[in-house]
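Here is a short briefing on one protein structure. Look at the rings, the strands and the surface.

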Amino acid sequence: MTLQKIPSVAGSLSVDSDDSKKIRSSIHSIPIAAAFGVIAVLVSLYGLVYAIDSILPTPLSLADEKFQPDAFITERARRDLKILTDIGPRVTGSRENEILAADFLKREINIIVQKSHKNQKLELDVQVVSGSLYLQTKLHGNIFSYSNLQNIVVKVHANNNATQSVLINSHFDSVPTSPGGSDDGINCATMLEVLRKLSREPKRPLNNLIFLFNGAEETGMKAAHGFITKHKWAKDCKVLLNLDAAGAGGKIILFQSGPEAPWLLTYYSRVPHPYGQAAGEEIFQSNIIPSYTDFRIFRDYGGLVGKWKIVCLDMAFLKQGYRYHTKYDDFEHIPLGSFQHVGDNTLSLVRSLANAPEVSNPKYNPGKIIFYDFLGLFMVSYTQTVGHVVNYVVVVLSLGIFGFSVHTFKLGYSKETLTYFVLTFGAITGGWIAAAVFTVLISLLTDKSGYSMSWYGNPWLILGLYVAPTIAFSSAFLPFIRHEKLTHNIEAQIQAHCVRFIWTLILFFGSITNIRSMYALLIRVLFNTIGFILIHIFKLQHTVRKWQVLYFVSLIIPTIFLMYTALMTYSLFIPVTGRIGSNKNADLFIGLLSSALTLVIISPYVALTTLVRHFKYLLAFLALVFTISFIIIFTPLGFPYSGNTNSPAPQRYWILHTRRVIHDENGAETKRDSGYFLLNLDRNSPHKVKSQVKEIARVKSLDADCKKYLLCGLPLVGWKMIPAIKDSSSWIPAGQPMLDQSVKLDVLSKVQVSPTVLRYNVSIIGPDRVGVYLSPKKGHKVLAISLIDKMPSDSKIAVWNNRYLYYMDHICGKEIAPLKFSFDLEVPANSSGATTEIAVSGIYVHDNLNRKVPHYVRFLNEFPDWADLTAWLGYYESFWI
């Protein structure tokens with residue numbers, strides 16, 4: 001047989017001969033082995049990204065200080081952290097926090113002052129502060145009160161009597177049950193070492209440096225509020241560097257900046273180990289993550305005195321979020337390199353800011369900042385305005401090369417061409433939709449069958465459960481879309497252009513809606529566009545293999561970057577699903593997140609499946625991977641939790657042995673009972689422990705209580721519990737707890753201010769954590785509360801059983817003080833009788849003061865070792881006044 005030469009112009013290609021089709025197939029198609037090779041390369045790239053992300057700087061010892069006298073010394077910082085964590089949990093109001101931890105910090109600071117360079121001037125101040133604030137959350141606002149909280153503050157004075165200051169903040173308190181190794185002990189130790197280094201330098205800084213060790217962050221960021229609104233040095237603070245943790249170990253990430261201060265990123269980009277993503281800022285500020293840092297307080301309250309305005313950098317540890325706020329956040333499991341990473345970056349950044357002229361003459365630039373690092377090698381940052389310009393330029397280039405390619409391939413504008421593009425776009429989007437639908441179905445099935453969150457302690461299962469099906473469905477339809485006048489070669493390029501076209505549209509609409517995280521798509525679209533521009537510049541579009549090589553090369557950098565971003569995303573979100581409440585389907589969230597990440601990373605490769613010979617074997621392989629993974633979740637290998645101290649994945653429980661007393665409008669006691677109140681923090685709570693904890697079988701529905709009593713008649717541990725209290729709570733009737741004191745409410749006065757306004761003065765005394773729920777009758781309205789300057793609008797007030805609900809909590813530090821406040825209530829004219837339901841709660845967190853009764857201890861001991869318990873005592877009593 002004589003073989004005919006294949007024309008180079010696709011439109012003139014003859015397709016009459018079956019032999020010609022075979023020739024084209026054999027020349028342009030890719031063997032199935034190559035497809036498996038691409039999968040192997042992608043898996044290897046992810047492994048490379050994981051390995052690079054795990055690399056930490058070499059820790060320096062005291063012996064190294066001789067050769068690097070200006071460097072951060074891990075060995076000394078680690079010694080400080082050992083002393084701090086050996087104290088145990090440092091709970092606000094406890095002896096461990098208010099005396100032992102505070103004395104340790106003051107002692108170390110005094111030693112630093114004594115050993116400082118003679119040219120330096122250091123000043124130590126201990127603030128004991130009381131106050132109140134209003135904090136607006138996504139759903140409602142809350143009123144916080146605090147008394148006798150401690151802040152330990154050190155000022156490194158600048159030269160020339162400068163007034164402007166840089167504030168460096170961390171907190172030395174921890175949650176109950178946790179030694180607070182990473183949250184926030186390591187950052188306290190880091191600040192001590194940075195202070196040591198700077199205090200020994202012969203030259204004073206251009207700007208004052210204020211090191212704030214605050215003693216009450218875990219109670220609602222109240223100590224930060226006490227400092228920024230009441231401390232004598234607060235009004236001089238222009239820049240904040242906040243150090244915190246939502247994980248343990250790893251690298252400290254920059255995840256919030258500003259507002260309106262792009263110059264801060266210029267200084268951050270010079271640190272030795274840049275590590276940060278603006279996507280983290282968008283995620284954090286969207287309230288998806290159930291956490292705040294002191295950044296929120298400094299940002300919101302730092303500009304309330306005069307005309308000054310504080311700008312901030314917020315850094316935190318995020319890896320190993322399983323340890324966050326648990327007994328596993330200890331000293332032993334923090335890598336030495338983590339000390340060096342946070343120490344190097346903090347010391348470098350503080351040195352830069354100490355002499356930054358912008359601190360005294362700030363350059364405010366309206367708008368937000370886009371920033372991201374690449375594998376920790378360098379930092380990229382620019383304003384959102386610049387981001388819009390860059391995004392739109394890339395959109396134009398992408399659409400331009402799309403149109404140019406269509407023109408070059410001489411497809412024309414026929415009905416046949418239009419049909420081909422409609423089918424191609426339909427195959428792509430249809431595959432994506434099918435992948436999403438399959439993910440939803442699998443998530444609902446695993447959740448309904450009681451095997452939710454198998455990936456929680458086994459993240460590798462995500463690859464089989466969600467990634468493999470997404471690849472399979474997203475690629476299943478494209479090989480069936482054919483244009484009889486196009487070679488496989490040109491078809492593959494057209495399909496790759498169509499995939500990029502879709503991402504380009506998403507980039508465009510994401511930009512006009514001001515989503516800064518679009519930089520991830522920008523990189524994907526940009527490099528793909530450049531790849532095709534080069535293909536056409538060098539006229540490779542009609543070659544058999546050369547264009548494919550250049551195309552794959554153009555995908556490497558965006559693939560690595562997107563895998564890097566995906567790794568950060570999983571590191572954050574997988575542990576977070578262990579504390580979002582039992583009313584949220586975590587499988588659905590992680591499944592759809594995984595599908596979305598997979599599509600962004602894999603779709604440019606999937607576009608070439610039309611070239612793969614025997615593609616059915618690839619689909620069969622992906623189906624096998626899914627099937628094996630799906631079977632595993634029903635075996636012990638798929639059990640989601642672990643109590644292994646080296647790699648924990650605990651199931652969290654907040655448990656309060658609670659006494660409840662309810663009164664009606666006439667003051668008569670209508671209910672008195674006790675029980676175990678469980679706040680279920682993940683999807684598997686509490687049924688996952690039912691076989692070990694016999695009392696779980698006696699769980700009683702709270703539906704009736706939620707309809708009759710404020711917040712179901714339960715004592716809140718914190719204001720974040722309000723949205724989940726109905727759907728994520730369990731009640732087990734039990735005997736009385738032993739409380740050293742109940743919570744006492746006194747109505748000091750009730751005054752008729754006007755015919756329609758009553759003023760109540762109340763006093764509440766109890767343990768060092770007291771909650772107040774205030775709910776007037778329908779037709780009555782709270783006009784003012786003395787704890788806040790301005791009342792929130794009605795839309796910002798919580799509603800419970802069709803009545804407005806005001807939540808207040810009161811925290812005490814060194815000494816317990818009563819909560820005293822007044823409120824003005826608008827009432828109908830000539831009204832009489834009780835007007836307002838008020839419930840008070842007490843949380844008893846100090847084991848040395850509040851002994852657990854034997855039956856409560858037995859109940860707690862039944863929980864398996866993979867359950868992390870935060871077990872307290874609680875009190876709830878409601879009145880009408």
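Two strands count as paired if DSSP finds at least two bridges between them. The model shown is predicted.

**The hairpin**
- Strand E8 (residues 369-374) pairs with strand E9 (residues 378-383). The pairing is antiparallel and runs over six bridges.
- Ile369 has Thr383 in E9 as its bridge partner.
- Three residues lie between the strands of this hairpin, and Leu375 takes a positive phi near 55 degrees.

**Aromatic pairs**
- The whole structure holds 41 aromatic pairs.
- In one of them, the ring centres of Phe255 and Phe284 are 4.9 Å apart, with the planes at 70 degrees, so this pair is edge-to-face.
- Phe255 is in strand E6 (residues 252-258) and Phe284 is in helix H8 (residues 278-285), 29 residues apart.
- Phe255 is buried because its relative accessible area is 4%. Phe284 is buried too, at 11%.
- Tyr372 and Tyr382 also form an edge-to-face pair, because their planes stand at 90 degrees, with centres 6.3 Å apart.
- Tyr372 lies in E8 and Tyr382 in E9, so the pair ties together parts ten residues apart in sequence.
- Both Tyr372 and Tyr382 are buried. They belong to one aromatic cluster, which also includes Phe374, Phe378, Tyr519 and Phe561.

**Charges over rings**
- The charged end of Lys82 sits over the ring of Phe331, 5.8 Å from its centre.
- Arg660 lies over the face of Trp731, 4.2 Å from the ring centre.

**A surface patch**
- Leu505, Phe508, Phe509 and Ile512 make a nonpolar surface patch of about 340 Å².
- Phe509 is in helix H14 (residues 488-512). Phe509 counts as partly exposed because its relative accessible area is 47%.

Notes
Residues numbered from 1 in each chain as written. Predicted model: local features only at pLDDT ≥ 70, side-chain atom pairs only at ≥ 80, totals over all residues. Heavy atoms only, no water. Patch = residues over 30% accessible without salt bridge, like charges linked within 9 Å, V, L, I, M, F, W, Y side chains within 5 Å. Areas by Shrake-Rupley, 256 points an atom, 1.4 Å probe, with all protein chains shown as cover. Salt bridge = Lys/Arg side-chain N within 4 Å of Asp/Glu carboxyl O. Helix = DSSP H or I, 4+ residues; strand = E, 2+ residues; numbered from the N terminus. Buried < 20%, exposed > 50% of the residue type's maximum accessible area, 1.4 Å probe, protein only. Phe/Tyr/Trp six-rings, centres within 6.5 Å; stacked < 30°, edge-to-face > 60°. Lys NZ or Arg CZ within 6 Å of the ring centre and 35° of its normal.
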